[in-house]
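Thank you all for coming. Today I would like to walk slowly through one structure, beginning with the chain itself and ending with the place where two chains meet.

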Amino acid sequence: MAQLVGRMIPPNVEPGFLLRVFWRMIETFQIAVVGTAIGVVLSLPFAWLSAKDITPLGPFRHISRILVSLFRTVPDLVWALLFVSAVGLGAVAGTMTIVVDTIGFCGRFFAEAMEDADERPQEALFAIGASRFSVLCGAVLPDALPSLTNTTLFALEKAVRSSVVLGLVGAGGIGQELKVAFDLFQYKNASTIILVIFTIVVLMEFVTDRLRSKVQ
Amino acid sequence: MTAIIRAHDLAKSYANGKVVFSSIGLNIASRERVALIGSNGAGKSTLLKCLIGLLPSSGGEVVTLGESFRSAPSVAQLRRIRRQIGFVFQHHGLVSRQSVLTNVLQGKLGLPGGWRGWHHSIAKQHWREEAMQALADVRLLGKAGARADALSGGQAQRVAIARALIRRPKLLIADEPAASLDPAAGHDVMRVFSELTQEQAITLVYTTHDMEHALDYSDRLIALKAGKVFFDRPTAHVTRADLKDVFDA
């Protein structure tokens, strides 16, 4: 291990290589952001259909819950392998993986946030004949908004970390560059990539923590 | 005057055999202010819900706002009844993170095209004007942009009244509207109720266990005791001794 670390030092800081790593990191970030955005939007209907007392499906809400559980319990690398097989190597497979992973994560926590929303405004609106969808938009979502925002920020943080790893199975991003570096024994390149990943993940956590503290 | 609510031989009991009330007959005319009184568990709230079809009764017949039903109204009847009713509950039921204006506009939900009451930013212009007028009526115009959780209990309940009034209801139902408020705020809320329902020709039916509220803000008192109507008479003819009898075991 010490020998390996010795071969990694000093990291490669050639401008050409750094530029390539920069663009790969941008691609990784794009996979995470686009995947999370689509995933969050798709999580909302799943959460609504799953949430007890709010769902329009009644006892059939378990169908939606089971689907969300399926998305969550299958590891993201397995989803990535599936999507790479389906749509080929690259960022599209990575984005699709993040979408599914985000639905699994947000679908569950969004549903819990909706179930925890204050029931009294919902009862007041149901009493005047408001539809379930109106109650969702008028009372449940505004009340659950801080929790939904927090979950979304966690999902984004998680997606950045996942999208780094997904490259290892060919789903695009910086992970692919890291795999090539290790496969070709270019350990100085690998250490640069690891440092960049570390910086980005820490920066991401810092930004999301700041945003979370602002959500009331 | 036209009858807004008529009930004949109304009864309510639960599957475990517990009888809430039986043989209830009442007639509430348009523009009347009626207080339903009785001790805790006398069945006031249950009776209110049965009268407007929110709970199925176990027997008898009800005609509310022209819709006649036994046990429970049909879905279509319930929809027609709800469109003509405003509700105020013991807890204001405002969405705490929304503005006061949005909360008032949410009174439009359940009416045709009511989805635009989700938020003030998508509401029709004339709805916003109506909401501002309703807020002015409850003396809270200056709070339109405030968040609901920044209001005091009494102010929040007045916003709930504005939310009920924006529906332009024929009948306003209030279930213990002042029970969770301090005496001053409670009187203030009841005064607003009383004045606005009279000005706007709305029938008001409310439950209360506060005798002052019952005597000061109603035209008629209906007292429930042991699952029966104990008395039903104009407020002017009710004495404090009558009220004491209602609450004595």
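Before I count anything, let me say that a helix here is a DSSP run of H or I with at least four residues, while a strand is a run of E with at least two, and that both are numbered from the N terminus. Please also keep in mind that this is a predicted model. With that definition, chain A has nine helices and zero strands, so that, read from the N terminus on, its elements simply run α-α-α-α-α-α-α-α-α. If we draw a box along the principal axes, the C-alpha atoms of chain A fill roughly 70 × 40 × 30 Å.

Let us now look at three of these helices, starting with α2 of chain A, which covers residues 15–50. It has 36 residues and reaches 50 Å from its first C-alpha to its last, close to the 52 Å expected at 1.5 Å a residue. Even so, α2(A) bends by about 25° at S43(A), and a proline, P45(A), follows within four residues.

Looking along α7(A), we find a kink of about 60° at L145(A), shortly before the proline P146(A).

Over all chains, a search of the whole structure finds 26 salt bridges.

Finally, we come to the contact between the chains, where 19 residues of chain A touch 19 residues of chain B. The area buried between them is about 1,600 Å², with carbon and sulfur atoms giving 63% of it. On the chain A side, R120(A), A127(A) and I128(A) supply 32% of the area that this chain buries against chain B, more than any other three residues.

How many salt bridges are there between chain A and chain B? The count is zero, whereas seven residue pairs, both at pLDDT 80 or more, are in polar contact between the two chains. The elements of chain A that give two or more residues to this side are α6, residues 119–127, and α7, and α7(A) gives the most, with nine residues. Taken by type, the residues on this side divide into 13 nonpolar, four polar and two charged.

How values were computed
Residues numbered from 1 in each chain as written. Chains lettered and ligands numbered in written order. Predicted model: local features only at pLDDT ≥ 70, side-chain atom pairs only at ≥ 80, totals over all residues. Heavy atoms only, no water. Bend = angle between axes of the 7 residues up to and from the residue. Contact = heavy atoms within 4.5 Å. Buried area = accessible area lost by both parts, 1.4 Å probe. Salt bridge = Lys/Arg side-chain N within 4 Å of Asp/Glu carboxyl O. Polar contact = N/O pair within 3.5 Å; in protein donor to acceptor, adjacent residues only side chain to side chain. Nonpolar A, V, L, I, M, F, W, Y, C, P; charged D, E, K, R; others polar. Expected span 1.5 Å × (residues − 1).
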